[in-house]
Amino acid sequence: MKKFSKIVSAMYLCLQACFSTPLTGWAKEFQPVEETTEQVKQSTETTETTEDSSDLSSESSTAESSENSTVSSSESSTESSSSQEPPKKEKQKEETIQEVSKKEPAVVQTPQRPQEVPTPQTMIDKEATVDLSCSVPSSSVTQDGTIHFEKDESVDGFIRKIGESARKIGQEKDLYASVMIAQAILESASGQSQLAQAPNYNLFGIKGTHNGKSVSMVTQEDLGNGTLYATQAGFRVYENYEDCFNDYATLLKEGLTSDPNYYAGVWKSNADDYQEATKFLTGRYATDTQYNQKLNGLIETYDLTTYDKEIQGAPISAAGYKVPLNHYTISSSYGNRGSEFHRGLDMAANQGEPIHASKKGRVTKAEYHYSWGNVVAIEHEDGMTTLYAHQQQYIVQPDDQVEQGQIIGYVGSTGNSTGNHLHFELCKDSNLSQSLLIDPQSVLFGN
């Protein structure tokens, strides 16, 4: 019996040993599963907490875990959106480029002014006539749209400067001088723009080069839809106003390379009067719908049609000289004048009245003198020299060859002068010594 008990006890111990080992192993094998399950459960709870805290983070940031989870959520959202957005942006950019490329031809086809002219370098500036009050003083627009002008002395003086040049070119090129003068007033701000003044003399804003000369200036351009932008451009430089009018008249006569008759409607032979010419220019030379009204108003106010008529000017004397002014009054004669000797002939005239060379010759003097002011002297082929003093401005240079009747300057009151007039001298040689002076009246008028 005892033996049997020992056997049973031994078997029990063996069985206990056998069963205890697998159970421990199973416990170890199943522990990670339980821990993983627990971690998943905790992760799920954390995710729920993160979502809740993300929702709350926009309203409040009271919990640190909420702030961290919000940042994580935001970063995750940013990464997600950044991986999806670029294709949309690229597509949007492509569409924008396509839209711009579609619009570009329309911009090229609708310039404010014709860009193609006799030579590829010749273009017209587009800035002119934008602001009438800046271009022409004493101008206003009434309620019914009528443009009203009152005479202004500065504009009047400018007209006297350019009028004879316009008259001459108009006669030669079959054009209305009145229209060209009115255009010059608008395009150059009555001669006050830097481009219109010496040494450029560009009255019409023509771009490019002229006889190899140009000046670079900042100007405004129009994209064709009213949008303005600033750009640097080269503008033609002229010797004088007559040179400018001649170049502009060439443009009107020769037109565009693609259409030589583009401006044919402004020719005298095709337009019965200046009104027809200005109407033709509107929408063609300038897009301003009131362009012809402005030009017509200026022509009427300043009686510019007088420059459409041909005049002979002063007759040439027997000695071959002509009076240097078309409009004047003799205010002081040659010879003794009180206690002093008056060297020449004084001819009172309006400021800006053009001064013409009395005879063909070579310019020997073009400078400022303390007494004569702005003065020009011309030596002629017969050995005589003429002198033109007190000029507002001279437009020739030493050694220039000038023709009889050519404009050399404008009446003023510079130097030792008490009013606008031309002091004209005539000398037997180029020294201008008093002993060789001649009474100008005896040569100009033969008495």
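Predicted model: local features only at pLDDT ≥ 70, side-chain atom pairs only at ≥ 80, totals over all residues.
## The overall picture

Let's start with the whole chain. The protein has 447 residues, and 41% of them are buried. Its secondary structure consists of 9 helices and 18 strands.

## Helix α5 and helix α7

Before looking at particular helices, here is a handy idea: two packed helices are described by the angle between their axes and the distance between the axes. Take helix α5, which covers residues 177–187, and helix α7, which covers residues 274–281. Their axes are 9 Å apart, and the packing angle is about 45°. An angle of this kind is neither roughly parallel nor roughly perpendicular, so α5 and α7 are oblique to each other. The crossing of these two helices is right-handed.

Which residues do the touching? On the α5 side they are Ser178, Val179 and Gln183, and on the α7 side they are Tyr274, Ala277, Thr278 and Leu281. Sorted by class, the residues of this contact are 4 nonpolar and 3 polar, with no charged ones.

## Helix α5 and helix α8

Helix α5 also packs against helix α8: their axes come within 9 Å and cross at roughly 110°. That angle falls in the range from 65 to 115 degrees, so α5 is roughly perpendicular to α8.

Here α5 contributes Ser178, Val179, Ala182, Gln183, Ile185, Leu186 and Glu187, while α8 contributes Tyr291, Lys294, Leu295, Leu298 and Ile299. The contact of α5 with α8 holds 8 nonpolar, 2 polar and 2 charged residues. If you compare the residue lists, you will find that Ser178, Val179 and Gln183 of α5 meet α7, and that Ser178, Val179 and Gln183 also meet α8.

## A closer look at Asn292

Asn292 sits in helix α8, which spans residues 291–301. Is Asn292 buried or exposed? With a relative accessible area of 17%, Asn292 is under the 20% cut-off and therefore counts as buried.

Leaving aside residues up to four places away in sequence, Asn292 touches Thr278, Lys279 and Thr282. Thr278 is also one of the α7 residues in the contact with α5.

## Aromatic rings that pair up

How many aromatic pairs does the structure hold? There are 10 of them. In one, the rings of Phe204 and Tyr248 have centres 3.9 Å apart and planes at 15°, so this pair is stacked. The two partners come from distant parts of the chain, 44 residues apart: Phe204 is in the loop between α5 and β4, and Tyr248 is in helix α6 (residues 241–254). Both Phe204 and Tyr248 are buried.

Another pair, Tyr241 with Tyr410, is tilted, with 6.4 Å from centre to centre and 55° between the planes. Tyr241 belongs to helix α6 and Tyr410 to strand β16 (residues 407–411), so this pair ties together parts that are 169 residues apart in sequence. Tyr241 is buried at 4% relative accessible area, and Tyr410 is buried at 0%. Elsewhere, ring pairs join Phe204, Phe245, Tyr248, Tyr262, Tyr263, Tyr285 and Tyr291 into a cluster.

Most residues other than glycine have a negative phi, and most peptide bonds are trans. A cis peptide bond joins Ala198 and Pro199, with omega about 10°. Pro199 lies in the loop between α5 and β4.

Ser190 is not a glycine, yet it has a positive phi of about 60°. Ser190 is in the loop between α5 and β4, and its relative accessibility of 3% means that it counts as buried. Asp303 is not a glycine either, and it has a positive phi of about 50°. Asp303 is found in the loop between α8 and β7, where its relative accessibility of 44% makes it partly exposed.

Conventions
Residues numbered from 1 in each chain as written. Heavy atoms only, no water. Helix = DSSP H or I, 4+ residues; strand = E, 2+ residues; numbered from the N terminus. Buried < 20%, exposed > 50% of the residue type's maximum accessible area, 1.4 Å probe, protein only. Contact = heavy atoms within 4.5 Å. Axes fitted to C-alpha atoms, helices over the stretch in contact; angles between N-to-C directions. Parallel < 35°, antiparallel > 145°, perpendicular 65-115°, else oblique. Left-handed = near helix turned anticlockwise from the far one by under 90°. Nonpolar A, V, L, I, M, F, W, Y, C, P; charged D, E, K, R; others polar. Phe/Tyr/Trp six-rings, centres within 6.5 Å; stacked < 30°, edge-to-face > 60°.
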